[in-house]
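Student: Could you walk me through reading helix packing and burial from a model? I'd like the general idea and then a real case.

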Amino acid sequence: MSEEIKHLEPQNVWEIFSEMTQIPRPSNHEEQIQDWAVSFGKKLGLETIKDEAGNLIIKKPATPGMENRKTVVLQGHLDMVPQKNSDKVHNFQNDPIEAFVDGDWVTANGTTLGADNGIGSSAAMAVLASKTLKHGPIEVLLTATEETGMDGANGLKAGMLDAEILINTDSEDEGELYVGCAGGEDVNITFNYTEEEVPLGFVALQLSVTGMKGGHSGMDIILGRGNSIKTFFRILNAAEELGVRLASIDGGSLRNAIPREAFGVVVLEEAKVADFIALVDEIADAVKAELAATEPDLDIAVEQTELPETLIDEATQKNVAKAVVACPNGVIRMSDSMKGLVETSTNLAILKSDAASKTINGGCLMRSSVDSAKDELGTRLKAVFELAGGEVTLSGAYPGWKPNMESPILKTMQSVYNDKWGKVPKIRAIHAGLECGILAQNYPHWDMISFGPTIRFPHSPDEKVNIETVKKFWEFLVATLEAIPEK
């Protein structure tokens, strides 16, 4: 890790973040970072609680003269998305993140950085550690397993916190205040297949789709990036006339990330290999032209490999290929009420074959700020895959967060920002799943808002956070806490 990071401003925030990068914290493997956070709170002599869901709650009394201010929850999540480039050797459960300064940004070497939501959580912890800030009563809530299902937020019990205001630190554009977010739901897809023998005279090839940017399936879905799984099956479906058979597929890895890579082993008659390679080249040229602006590093390759022991049966192969080609993907509808906001989207995130269970398993994450639109989209996805013989279930639904344009904390933060920088921050809703909507189920009285520094390409190895905006984010947070109104 670059030592430069520890000396960036604000140094108190960057020092905590740099320490976090050295502690493995992928979703569902958060024990080390949770233990670290517990130790952090206890070393400060603050009331520190770890609840049954793995959430950390650390409470700090008001500074002298601020006791009559409303209590504020500063909220973030401790886990991070574990994504890496295929040529990067990295074990997210054991290895630290190799973070470094790259011009105006902090990024990582071939992996996700964890600025989502490590920077926000670091700022909240810096407030706890500070002996100079002026603030009313503070409660820091660091939730567990946000990235794979918002488990911590769902598991937080009523009565654990006393606050009246929640400030979420998980947004990714400085100068914007977020007052609403989309809800979401997972679509789980399973195809059962039977094994067939590899015909005599066939050879095996690995088809690889790599070099796509991927990214956050909510924040980045509007950018029109490619989907490696869709591209893979575009080729496979077109190659049906050549008798190409599928042995295995491995596409995508995370439910909330646009898939960057897909790999599969196919077999075909040796005499047709040249025709298949020509077809792949033709489709590759077309896809590269279509995505020239968004996927300049796209690579589609064919390499000879060892013959597999068995194949996926031909009927299932064809059904899966046609279902993936037909599967809705990307932006479905833009919002009528907020210009530039995606209302409804879906991302085909994962598709993998499992030889042990003889299944092909896939998943989409639907997002929408309109519940009925999300439900209708789920019906469409079920229809596509069930017509192809797949089994489909919906799970993990979480609510959106409805904007409150009369929010007192919104008005306070608009005023603070205007006083410091001479302009009013933009008011936004986000096409992603912030935890605010879930937390409001047990704390409906909370006045909620979300803000953060500028982070680009979260959930991908290109993730980076802008250094100057972290400084503004911190200064804005400090000034906001000092301006919190009286009870």
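This is a predicted model: local features need pLDDT of at least 70, side-chain atom pairs count only at pLDDT 80 or more; totals for chains, interfaces and linings use all residues.

Student: How do the axes of α2 and α3 sit relative to each other?

Tutor: Two packed helices are described by the angle between their axes and the distance between the axes. Axes are lines fitted to C-alpha atoms, for helices over the stretch in contact, and angles run from 0 to 180 degrees between N-to-C directions. Here, α2 (residues 31-43) and α3 (residues 115-129) have axes that come within 10 Å and cross at roughly 20°. The two are therefore roughly parallel (under 35 degrees; over 145 is roughly antiparallel, 65 to 115 roughly perpendicular, the rest oblique).

Student: Which residues make that contact?

Tutor: Contact means heavy atoms within 4.5 Å. W36, A37 and F40 of α2 meet M125, L128 and A129 of α3. By class, that's 6 nonpolar, no polar and no charged residues.

Student: And what about α1 against α3?

Tutor: The axes of α1 (residues 11-21) and α3 come within 8 Å and cross at roughly 130°. That makes α1 oblique to α3. From α1, the contact uses N12, V13, W14, I16, F17 and M20, and the α3 residues include G118, I119 and M125. This contact divides into 10 nonpolar, 4 polar and no charged residues.

Student: How many residues of α11 are buried?

Tutor: Buried means under 20% relative accessible area, exposed over 50%, partly exposed in between (1.4 Å probe, protein chains only). In α11, 12 of the 17 residues are buried, so the helix is largely enclosed by the rest of the structure. As for length, at 1.5 Å a residue the 17 residues of α11 (residues 467-483) should span 24 Å, and the end C-alpha atoms are 25 Å apart, which agrees.

Student: Is D297 buried or exposed?

Tutor: D297 has 56% relative accessibility, so it counts as exposed. D297 is in the loop between α6 (273-290) and β14 (299-305). Not counting residues up to four places away in sequence, D297 touches T210 and G211. The C-alpha atoms of D297 and M212 are separated by 6.4 Å, though these residues are 85 apart along the chain.

Note on methods
Residues are numbered from 1 along each chain as its sequence is written. Side-chain values use heavy atoms; hydrogens and water are left out. Helices (H or I, at least four residues) and strands (E, at least two) are DSSP runs, numbered from the N terminus. Ala, Val, Leu, Ile, Met, Phe, Trp, Tyr, Cys and Pro count as nonpolar, Asp, Glu, Lys and Arg as charged, and the others, Gly among them, as polar. The expected span of a helix is 1.5 Å times one less than its number of residues.
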